[in-house]
Amino acid sequence: MRVRYLVVSDIHSNLVAFEAVLNDASPFEAVWCLGDVVGYGPQPNECIERLRALPFQCVAGNHDWASISKLDTSDFNPDAVQAALWTRDQLTRDNWKFIQELPEKLVEGDFTLVHGSPRHPIWEYITHPGVAAQNFSCFDTAYCFFGHTHEPAVYLSLNEQDSEREELPELVQRTTIHLDRHRWLINPGGVGQPRDRDPRASYMLLDPQARTLEYRRVEYPVEETQRLMRAAGLPPRLVERLEYGW
Ligand code: ZN
């Protein structure tokens, strides 16, 4: 059988969404997680433990670090700060240690894994081809997966001088992307709090042998996560945005 890797980012303590992705993506060899396992959502420990129960690789995100006070939250909005403080109070000692030990960058074969960008793994947002262009010289592998923006995106470098970049046309559900001779920066979108106006959880499946990526969206019961967030007393704005995919 073909070996496939499940590539996810920004689970954000949304276990209901994460479970939907795991079901939809199955079977797969291992999960590659691009950080922000926690923050915003209602089930931080459960998400970490679900991930740890699988074969996985995972890098640290800004919300992961914020939840263990490894990162200053002065740049966070008040809702995000409140959620980070709530998360900090929930984390078990074991899960705290798990986050503490997450690396900022990982290399798996031809693929580099980071949360924000290869240049600034924790903080930088790759939101357009200009920023992507500057980042191609910051990793050594052919391909790099990143997250952080909660929006699926693919950037490719067209030549060795890194002088031309192109953003692929809008991704369509179940698009198969062929990783050709170019170098690529790839964002699978967000699992637990998508921000591209589509509330469905976003992820990709990588077939390293065929060098193909499949982009997928999956529905999950958003209202179930919202119910848990309200019960936990998390900020209403964070609860509401899930149904708008923003
Ligand atoms: Zn995030």
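**Exercises on a predicted model**

At the start of helix α4, a side-chain oxygen of Asn77 comes to within 3.0 Å of the backbone nitrogen of Asp79. The model used in these exercises is a predicted one.

**Exercise 1.** Work out whether the distance between the end C-alpha atoms of α4 agrees with the span that its 13 residues should have.

*Solution.* Begin with the extent of the helix, which covers residues 78-90.

**Exercise 2.** Find which residues of α4 are buried, and explain why they line one face of the helix.

*Solution.* First list the buried residues of α4, which are Asp79, Ala80, Ala83, Ala84, Trp86 and Thr87. Next look down the axis of α4, where these buried residues fall within an arc of 165°, so they line one face of the helix. Finally, ask what covers the buried residues of α4; the cover includes α2, α3 (62-67), α7 (222-232) and α8 (236-244).

**Exercise 3.** Trace the chain from strand β1 to strand β2 and on to strand β3, giving the sense of each pairing and the handedness of each crossover.

*Solution.* Start with β1 (residues 5-8), which pairs with β2 in the parallel sense over four bridges, and note that Val8 stands opposite Cys33 in β2. Together with helix α1 (residues 15-25), these two strands make a right-handed β-α-β unit. From β2 the chain then crosses through helix α2 (residues 44-52) to β3, and this crossover is right-handed. Strands β2 and β3 (residues 56-58) run parallel and are joined by three bridges, with Trp32 standing opposite Gln57 in β3.

**Exercise 4.** Determine how many residues of strand β10 are buried, and which residues stand opposite Ile186.

*Solution.* Six of the six residues of β10 (residues 183-188) are buried. Strand β6 (residues 143-145) runs parallel to β10 and is joined to it by three bridges, and here Phe145 is the bridge partner of Ile186. Strand β7 (residues 152-157) pairs with β10 in the antiparallel sense over six bridges, and Val154 stands opposite Ile186.

Methods
Residues numbered from 1 in each chain as written. Predicted model: local features only at pLDDT ≥ 70, side-chain atom pairs only at ≥ 80, totals over all residues. Heavy atoms only, no water. Pairing = 2+ DSSP bridges. Right-handed = clockwise from strand over helix to strand, strands pointing away. Expected span 1.5 Å × (residues − 1). Buried < 20%, exposed > 50% of the residue type's maximum accessible area, 1.4 Å probe, protein only. Arc of directions from axis to C-beta. Contact = heavy atoms within 4.5 Å. Polar contact = N/O pair within 3.5 Å; in protein donor to acceptor, adjacent residues only side chain to side chain.
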